[in-house]
Amino acid sequence: MQQLSTNVTITIPEEFVLIKKIELEELKEESLMGTYWSMKDLEKKTNKKCEWIKENILYPNKYRKILDIKNGGFVFYPEKRGQTWSFQARLMAKFLDKHFGDFFAN
């Protein structure tokens, strides 16, 4: 195996910043702190309609046990007409990433 040793200078434009991947992930997660999604937001994030989300993510018992705030989760399930869904964005994003294969493998 041959190695070439040389110095290379790379110019980074002023509008860019070089950071470690781990720092980028931490910044992304931090940006969701204190943010709540509506059902419309969740539809945009998953690229699925409300009915599909309810049927495949929110109402199956195996997920509702985790998600429902009544069980210590991070999703408010409306109980009365006029109430809206509410999702803690950071935790819901993690949940969706973790279960991506479960939801979209079918």
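User: Hi! Leaving out residues up to four places away in sequence, which residues does Phe103 touch?
Analyst: Hi! Keep in mind that this is a predicted model. In it, Phe103 touches Trp52, Asn56, Ile57, Tyr63, Phe95 and Leu96, once residues up to four places away in sequence are left out.

User: Nice. Where does Phe103 lie, and is it buried or exposed?
Analyst: Phe103 lies in helix 6, which covers residues 100-104. Its relative accessible area is 5%, and buried means under 20%, so Phe103 counts as buried.

User: Okay, and how far apart are Phe103 and Lys28?
Analyst: From C-alpha to C-alpha they are 23 Å apart in space, and in sequence they are 75 residues apart.

User: Let's talk about the core. How many residues does the largest nonpolar core have?
Analyst: That core has 20 residues. Those with the most contacts inside it are Ile57, Leu58, Leu67, Val75, Phe87 and Met92.

User: Which elements give two or more residues to this core?
Analyst: Helix 2 (39-46), helix 3 (50-58), helix 4 (61-67) and helix 5 do. The largest share comes from helix 5, with five residues.

User: Pick Leu58, then. What is it in contact with, beyond its neighbours within four places in sequence?
Analyst: Leu58 is in contact with Met39, Ile53, Arg64, Leu67, Val75, Tyr77, Trp85 and Phe87.

User: Phe87 again! Which residue stands opposite Phe87 in the strands?
Analyst: That would be Trp37, which stands opposite Phe87 in strand 3. Strand 3 spans residues 86-88, and two bridges join it to strand 1, the two running antiparallel.

User: In what order do the strands sit in the sheet?
Analyst: The order is 1-3-2, in an open sheet of three strands with antiparallel pairing. Strand 1 (36-37) and strand 2 (75-76) are the edge strands, each pairing on one side only.

User: Switching topic: what volume does the largest pocket have?
Analyst: About 180 Å³. The residues lining this pocket are Glu25, Glu26, Lys28, Glu29, Leu32, Arg90, Ala93, Lys94 and Asp97. Helix 1 (21-31) and helix 5 (89-98) are the elements that give two or more residues to that lining.

User: What about Asn47, what is its phi?
Analyst: Asn47 has a positive phi of about 60°, although it is not a glycine. You'll find Asn47 in the loop between helix 2 and helix 3.

User: Why does Asn47 count as exposed?
Analyst: Because its relative accessibility is 70%, and exposed means over 50%.

User: Last one: where is Gln3 found?
Analyst: Gln3 is in the segment before helix 1. At 75% relative accessibility, Gln3 counts as exposed.

Definitions and conventions: Residues numbered from 1 in each chain as written. Predicted model: local features only at pLDDT ≥ 70, side-chain atom pairs only at ≥ 80, totals over all residues. Heavy atoms only, no water. 1 Å grid on protein atoms, 1.4 Å probe; cavity = no way out; pocket = protein on both sides within 12 Å on 5 of 7 lines; lining within 4 Å. Points joined across faces, edges and corners; volume = space filled by probe spheres on them. Helix = DSSP H or I, 4+ residues; strand = E, 2+ residues; numbered from the N terminus. Pairing = 2+ DSSP bridges. Core = buried A, V, L, I, M, F, W, Y, C linked by side-chain atoms within 4.5 Å. Buried < 20%, exposed > 50% of the residue type's maximum accessible area, 1.4 Å probe, protein only. Contact = heavy atoms within 4.5 Å.
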